[in-house]
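This report goes through one predicted model, taking accessibility, charged pairs and surface features in turn. The sequence and the structure come next.

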Amino acid sequence: CAPFLAWEWMSAWNRAFGSGGRPVILKAHRDGRLIGLLPLRSFRRDLLGTHLAFIGAGAGGADYLDIIVRPGDRMEVAATMIQYLSDDSRKFDLLRLDNVSTDSSIAAQLRTSRIPRYSELPAYVCPQIDLSGGWKDVLGQSRRSSNFRRRLKQLDTLSGFEFRSVTSPDALCAAFERF
């Protein structure tokens, strides 16, 4: 999952930016076991009525918002949740899917649903950089590589500063903890 789908992000986001709305968490179960979550929030937009949107959308800059589900259950859970929202659409006026992942199964199901009013606006495009060639290639792709090198030299003079390039998946968790 994207980091913005983690409990830590969503709960922090909701404390900081979630006032004026209430969480609406849809859950999918199979054989008594939780298999999927759709983390939404409901909020009122004066004349525009009640909106449902992803927790994390709007202020804060979260990307790749979507359902939280194992890959093998994605389409089934997405279809079930959209069916539920279609049947229950009288409880909201607009379903907003801002910052949704481009390969979102929930968005794919929504396009063929009976939900009368929804928006799926690609507001921002997340920049992507090919990291396979190593750090020098990454700098070579940048239009500001000389500025970055100069700033890195300045940071090197600070006590406690450390720059590391993590290249092994096994080292990723420890690197995030240090970060």
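## Terms and basis

A residue is called buried under 20% relative accessible area, exposed over 50%, and partly exposed in between, with a 1.4 Å probe and protein chains only. The model is predicted, so local features need pLDDT of at least 70 and side-chain atom pairs count only at pLDDT 80 or more, whereas totals for chains, interfaces and linings use all residues. Residues are numbered from 1 along each chain as its sequence is written, and side-chain values use heavy atoms, with hydrogens and water left out.

Asp31 counts as exposed, at 79% relative accessibility, and its place is in the loop between strand 1 and strand 2 (33-44); helices (H or I, at least four residues) and strands (E, at least two) are DSSP runs numbered from the N terminus. Although Asp31 is not a glycine, it has a positive phi of about 50°. Most residues other than glycine have a negative phi.

His51, by contrast, counts as buried at 4% relative accessibility and lies in strand 3 (residues 50-54). His51 and Arg117 are 66 residues apart in sequence, while their C-alpha atoms are 9.9 Å apart in space.

## Salt bridges

The structure holds four salt bridges, each defined as a side-chain nitrogen of Lys or Arg within 4 Å of a carboxyl oxygen of Asp or Glu. Arg30, Asp73 and Glu76 are linked in a network of such bridges. Between Asp73 and Arg30 the closest N and O atoms are 3.1 Å apart; Asp73 is in the loop between strand 4 (68-69) and helix 2 (74-87), Arg30 is in strand 1 (residues 21-30), and the two are 43 residues apart. The side chains of Arg30 and Glu76 meet at 2.7 Å, N to O, and because Arg30 lies in strand 1 and Glu76 in helix 2, this pair ties together parts that are 46 residues apart in sequence.

Another salt bridge joins Asp66 to Arg74, with the closest N and O atoms 2.6 Å apart; here Asp66 is buried, with a relative accessible area of 3%, and Arg74 is partly exposed at 23%.

The largest pocket has a volume of about 1000 Å³. On a 1 Å grid over the protein atoms alone, a pocket is an open set of points where a 1.4 Å probe fits, with protein on both sides within 12 Å along at least five of seven lines, and lining residues have an atom within 4 Å of a point. Of its 23 lining residues, the closest to the centre are Trp135, Phe163, Arg164, Ser165 and Val166, and the elements that give two or more residues to the lining are helix 4 (135-141) and helix 6 (172-178).

Phe163 lies in the loop between helix 5 (145-156) and helix 6 and is partly exposed, with a relative accessible area of 37%. Together with Trp135, Phe148, Leu155, Leu158 and Phe161, Phe163 makes a nonpolar surface patch of about 500 Å², where patch residues have over 30% relative accessible area and no salt bridge, and nonpolar side chains (Val, Leu, Ile, Met, Phe, Trp, Tyr) are joined within 5 Å. The areas come from the Shrake-Rupley method with a 1.4 Å probe.

Technical notes: Points joined across faces, edges and corners; volume = space filled by probe spheres on them. Patch = residues over 30% accessible without salt bridge, like charges linked within 9 Å, V, L, I, M, F, W, Y side chains within 5 Å.
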